[in-house]
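Here is a short report on a protein structure. Look at the model first, then read on.

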Amino acid sequence: MTVVTPASEAQREAWRSGGFPEVERVRPGLWSIPVPLPAIPLRYVLVYALELPDGVAIVDAGWNTDEAYGALAAGLGTAGYEMTDVKAVLVTHIHPDHYGLAGRIREVSGAWIGLHPADSRLLHDRYDDDAVDDLVAQERALLVRSGVPRATLDELAGASMMIRHYVTMAKPDRLIEDGDRLGLPGWDLQAIWTPGHSPGHLCFVERERRLLFSGDHVLAKITPIVAVHPQSAPNPLADYLDALAAVRKFDVDEVLPAHEYRFLELAERVDHVMAHHEERLAEIEAAVAAAGGITCWDTATALTWSRPWETIPSFMRRAANNETLAHLVWLEARDRLRRVPGEPDLWYPA
């Protein structure tokens, strides 16, 4: 495994020990504020506060819980600001731990919310009560075609519904396109569209300060979930690998991710993540070759995971299935595998 150099040893130790990092002044005018996440292994999201002449802009926001709101408010207080001083919320993507608090912050401060159009288009189906049943039905149909056992279909199809409660539905005030400069006084922040983990994921590069705010696109140790699901692009892994190549070219001194800890070596970490996916693709191709006519679900159960399959919670098994499907689709697009459609689909060597 490629070991990256932490930009903050204290922050890395908090991650390794299962603790909670401190609010940190990363450099003049820039703060890292950990915001707690309820009952998931990631434990916290790192919100970055960028000082402006008349307040602060923040990158990501956290889940919409009172605990998270209080932690963000306290972190801003450490930096010398209040929630009412927030002028902009730059959302890397619409998952609840990044987007959930944005609407509540806007209600208090009047801040504008920025989001990529590809993620903005997903908000209604994902978070509005009148649309969510259809999204669950689409997920269930995908799981049927994946070969998920009938006894667990309904549980897996609705596995993410609980996290909708951690979001205040808020349409963005500003759609941020690839290459847009954000116009924040004192900062030359440019948006980089990095789809894969979500269709509209954004990173933000600050060339003069040599910083990359990487969201979930590039993390210090783990790799983000890149999965086929009802709201994904047709071939999200292809999008993700292309987007990794796009950020690798940036000459930065420090990467500021949304989880784990800040680190230094962007190119080396990107190379490691790309190599990880190449290994995974080879493992999946071998599993299909050995079985000949195998479902996505059975392929997923045959793979090497960070823990035994039987100990993986149901909602994470769905993610594992859908991530396996993303790799199968990538191989299919390159004529290395073929799919025979059905209920379930069966996968064969090309």
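Histidine 201 is buried, with a relative accessible area of 0%. Buried means under 20% relative accessible area, exposed over 50%, and partly exposed in between (1.4 Å probe, protein chains only). This is a predicted model: local features need pLDDT of at least 70, side-chain atom pairs count only at pLDDT 80 or more, and totals for chains, interfaces and linings use all residues. Residues are numbered from 1 along each chain as its sequence is written, and side-chain values use heavy atoms, with hydrogens and water left out.

Histidine 201 sits in the loop between β8 and β9. A polar atom of its side chain lies 3.0 Å from the backbone nitrogen of aspartate 216. Leaving aside neighbours within four places in sequence, its contacts (heavy atoms within 4.5 Å) include Thr92, His93, Asp119 and Trp193.

Now the strands and helices. Both are DSSP runs, numbered from the N terminus: helices are H or I, at least four residues, and strands are E, at least two.

| Strand | Residues |
|---|---|
| β8 | 189–193 |
| β9 | 202–206 |
| β10 | 211–215 |
| β11 | 254–257 |

Strands β10 and β11 pair in the parallel sense over four bridges; pairing takes at least two DSSP bridges between two strands. Leucine 212 stands opposite valine 255 in β11. From β11, Glu254 and Leu256 point one way, Val255 and Pro257 the other, and all are buried.

What follows helix α12? Aspartate 335 does, and its phi is positive, near 60°.

Terms used. A polar contact is a pair of N or O atoms within 3.5 Å; within protein, one must be able to donate a hydrogen and the other to accept it, and residues adjacent in sequence count only if both atoms are side-chain atoms.
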